[in-house]
Amino acid sequence: MAETTAYSCPQCHATLKLDPKTGLLNCDYCGGSFEAESVEERVDQVSSTRKKTGKSSSAADQDRAKEIAAASEAGPAVRTVDEWETLIANGQVEQFDDVVGYTCPNCGAQVVSDKVTVAASCQYCGSSVVVDQRLTGGLKPGYVIPFQIQAKDLPQMLTDFYKDKPLLPKNFFYENQVGQVQGLYVPFWLYDGRVDGSATYTGSTSRVYLSGRDQVTETTHMRSDREGHVDFQRIPVDASERIDDDLMDSIEPFDYESMKPFIPAYLTGFVAERFDQSPRQVLERASSRMETTARNMFASTVSYAASPQTSVFEAVNVAASYVLLPVYLFNCNYKGTHYRYAVNGQTGKIVGEVPTGKRESRTAFLKAAVPWVAAGVVALLAYLALS
């Protein structure tokens, strides 16, 4: 079993928790607030390092300071897909520091968290989660976007989200049951790359006019050739097989300017899943997004209605970095049906399915149909009056 070591308050040694609103680690006991980076340097963490390395206190302090400074200055390693695959295959990878693993006994989901957090249930299937051995072989993230939305604000945000859904069943607000909500740092690969492309577009325009007694149709045929490249940065693709890809795509965008070098303190009060899909396994999704965007950009340069006759687009020089992005996941149960929701933990954007009431659908249909029916009756009466 993994040990449980808390991020302790420097003033009273009580447990600290991350406040998404301020980005600080707060102590509920004495009211203190601290920068995550400074907490990482505290004696409790140094003591843990000293036990593992056998170094003196001063040496451990210096090593810890160097690690944090390097993370702040150097940033994450952006590696090619082949380089990532080599690291994974050879096991020559960094590991999470000061975190433990939790394994769901039902669905096998594996998540990581700081040693303070004890997950009460699995975010994926709802089963109880037990503490497992320290995770090994996991790649250390380069960056993290800390949570900025507080869990206590989600009920009101969800109510506002439902208000914009006129087809919801009338009794939905009374019978809908919201399941456990827990913040989850989702693993993502952020891809950089370039798309080389070339395309030939053709189109035609026609006009009809009279020349004397003759009707003339004049057709102009056009052709446009395009060639070039488009550069891309930070194209996100989630690296978890268990999380719905459509949900993760839908809660974009994230503000990547707010990313911070990863340190375990940001996990305080949350959990984080390790990636289970390598950069190569999800490369097709990233390449497809880049190539589709490039195709649309090329086509937008043609001023007439055109269709591509030939086109070649290829993503090249692709590299990736490993980051953790904040997401709230929860289920809603309405009349025995589970509806899955995701909330962007940075912006508050909510996505998910909502039920549709039969009565509300009929009412909406009738409201939409009335103007058309009325217009038809007027037209019919006008026709009969002229007959």
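Strand S2 (residues 24–27) and strand S3 (33–34) run antiparallel and are joined by two bridges, where strands are DSSP runs of E with at least two residues, helices are runs of H or I with at least four, both numbered from the N terminus, and two strands count as paired if DSSP finds at least two bridges between them. The model is predicted, with local features requiring pLDDT of at least 70 and side-chain atom pairs counted only at pLDDT 80 or more, whereas totals for chains, interfaces and linings use all residues. Residues are numbered from 1 along each chain as its sequence is written, and side-chain values use heavy atoms, with hydrogens and water left out.

**Strand S10 and its partners**

- Strand S10 (residues 182–211) is joined to strand S14 (residues 307–334) by 20 bridges, the two running antiparallel, and in this pairing the bridge partner of Tyr-185 is Pro-326 of S14.
- Antiparallel pairing over 23 bridges links S10 to strand S11 (residues 214–238), with Asp-225 in S11 as the bridge partner of Thr-200.
- S10 and S11 form a hairpin with two residues between them, in whose turn Gly-212 has a positive phi of about 70°.
- A parallel pairing of two bridges connects S10 with strand S13 (residues 271–273), where Val-271 is the bridge partner of Leu-184.

- Cys-27 is buried at 3% relative accessibility, and Cys-332 is buried with a relative accessible area of 0%; here buried means under 20% relative accessible area, exposed over 50% and partly exposed in between, using a 1.4 Å probe and protein chains only.
- A search of the whole structure finds zero disulfides, a disulfide being a pair of cysteine sulfur atoms within 2.5 Å.
- Val-39, placed in helix H1 (residues 36–40), is buried with a relative accessible area of 2%, and its C-alpha atom is separated by 7.4 Å from that of Ala-265, 226 residues apart along the chain.

**The second largest pocket**

- The second largest pocket has a volume of about 310 Å³, a volume being the space filled by probe spheres set on grid points that are joined across faces, edges and corners.
- A pocket is defined on a 1 Å grid over the protein atoms alone, as an open set of points where a 1.4 Å probe fits, with protein on both sides within 12 Å along at least five of seven lines, and lining residues have an atom within 4 Å of a point.
- Its lining holds 16 residues, of which Lys-17, Leu-18, Pro-20, Ala-151 and Phe-270 lie nearest the centre of the pocket.
- By class, the lining has six nonpolar, six polar and four charged residues, where Ala, Val, Leu, Ile, Met, Phe, Trp, Tyr, Cys and Pro count as nonpolar, Asp, Glu, Lys and Arg as charged, and the others, Gly among them, as polar.

**Backbone geometry to note**

- Most residues other than glycine have a negative phi, and most peptide bonds are trans.
- Arg-234, found in strand S11, has a positive phi of about 55° although it is not a glycine, and Arg-234 is partly exposed with a relative accessible area of 31%.
- Asn-317, in strand S14, has a positive phi near 50° and counts as exposed at 59% relative accessibility.
- The peptide bond from Glu-252 to Pro-253 is cis, with omega near 10°, and Pro-253 is placed in the loop between helix H7 (245–250) and strand S12 (260–261).
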